[in-house]
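Subject: Handover of a structure and notes on its contents

Dear colleague,

Please find below the structure that I am handing over to you. My notes on what was found in it follow directly after.

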Amino acid sequence: MVAEHIYKQYDTDLEAIRAKVLEMGGIVEEQLADCVSSLINADGKLADSVIKKDLRVNALESEIDEDCSLIIAKRSPAARDLRNLLMMLKIITDLERIGDEASKIAKATHRIYDENRMIKPRTKEIQSIFETLRFMLRTALNSFARLDVTETIDVLEKDQEVDDEYRAFMRQLLTYMLEDPRTISISLELMFIAKSLERIGDHAKNISQTVIYTVKGKDVRHATIKEIKAELKK
């Protein structure tokens, strides 16, 4: 009975941590959507809310880190139980960094619009990259919630699309700056934003790779898409 109680308490503690990770993921999803919306709609208040939410994201990261450390110290988990805890520690690091990138975009939005520039930013490409990122982050978090690797490969493939869109957009911005020096200032801000979006894609990919490691026990960080597909079929 004592052992059963200990196992039940362990499961309860683990689920509480998972709930916090998902809460953190939900806030970060909102940050991503809102930072892009604030840029497209020149909404300074929305940009401020993105920056403010980052405080809650940081607080959750600290709480989850402490909770996981406490369980490791008290329970000495091994094998898959330990991988579960390490997975959550890795995922919250990526989520916290996504929140940081969203905050950077929100701050760049303020710089763009607060200076009353005559030239308005091009947001069509930003919107396109965002739509892909939204899918990636949501799919990665769903994979974590269900511990299901079925859709993780979609995230990894979409990351390649984001990289391609990012490079194409950077080339466009360089062309605009060469053709019209008046666009240099705003183009530099857009480059900064595009880089943040590209990094968000990398972090969403990291989350999917971490889920694969937890479920399959296989580190796929340096594997090709083809190799990962083969591993998922096993």
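In these notes, two residues are said to be in contact, or to touch, when heavy atoms of the two lie within 4.5 Å. Please also keep in mind that this is a predicted model.

Threonine 109 is found in helix 3. Leaving out residues up to four places away in sequence, threonine 109 touches Cys35, Ser38 and Leu39. Is threonine 109 buried or exposed? Its relative accessibility is 2%, and a residue counts as buried under 20%, so threonine 109 is buried. One of the residues it touches is Cys35, which is itself buried, with a relative accessible area of 0%.

The overall architecture

The protein has seven helices and zero strands. Along its principal axes, the C-alpha trace spans about 75 × 40 × 20 Å. Among contacts between residues at least 6 apart in sequence, 81% join residues that are at least 24 apart.

The surface and the charges

Of the 234 residues in the protein, 44% are buried. The protein exposes about 12000 Å², and carbon and sulfur atoms supply 53% of that area. There are 37 positive and 42 negative side chains, and the centres of these two sets lie 2 Å apart.

The nonpolar core

The largest nonpolar core contains 65 residues, among which Val21, Leu95, Ile193 and Leu197 touch the most other members. At least two residues of this core come from each of helix 1 (2-40), helix 2 (44-75), helix 3 (79-114), helix 4 (124-146), helix 5 (152-179), helix 6 (184-216) and helix 7 (225-232). Which helix gives the most to this core? Helix 3 does, with 14 residues. As for leucine 197, its contacts are Leu32, Val36, Ile105, Ile126, Ile129 and Leu133, when residues up to four places away in sequence are not counted.

Leucine 82

Leucine 82 has its place in helix 3. Apart from its neighbours within four places in sequence, leucine 82 is in contact with Ile72 and Pro77. Leucine 82 and isoleucine 71 are eleven residues apart in sequence, and their C-alpha atoms are 9.7 Å apart in space.

The cysteines

How many disulfides does a search of the whole structure find? The search finds zero disulfides. Cysteine 68 has a relative accessibility of 0% and counts as buried, and cysteine 35 is likewise buried at 0%.

Two residues with positive phi

Alanine 42 lies in the loop between helix 1 and helix 2. Its phi is near 50°, a positive value in a residue other than glycine. Alanine 42 is partly exposed, with a relative accessible area of 42%. Leucine 147 is found in the loop between helix 4 and helix 5. Although leucine 147 is not a glycine, its phi is positive, at about 50°. Leucine 147 is partly exposed, with a relative accessible area of 23%.

Yours sincerely,

A colleague

Definitions and conventions. Residues are numbered from 1 along each chain as its sequence is written. This is a predicted model: local features need pLDDT of at least 70, side-chain atom pairs count only at pLDDT 80 or more; totals for chains, interfaces and linings use all residues. Side-chain values use heavy atoms; hydrogens and water are left out. A nonpolar core is a set of buried Ala, Val, Leu, Ile, Met, Phe, Trp, Tyr and Cys residues joined through side-chain atoms within 4.5 Å. Buried means under 20% relative accessible area, exposed over 50%, partly exposed in between (1.4 Å probe, protein chains only). Helices (H or I, at least four residues) and strands (E, at least two) are DSSP runs, numbered from the N terminus. Accessible areas come from the Shrake-Rupley method with a 1.4 Å probe; for residues, only the protein chains shown count as cover. Lys and Arg count as positive and Asp and Glu as negative; His and the chain ends are not counted. The place of a charge is taken as NZ of Lys, CZ of Arg, CG of Asp or CD of Glu. A disulfide is a pair of cysteine sulfur atoms within 2.5 Å.
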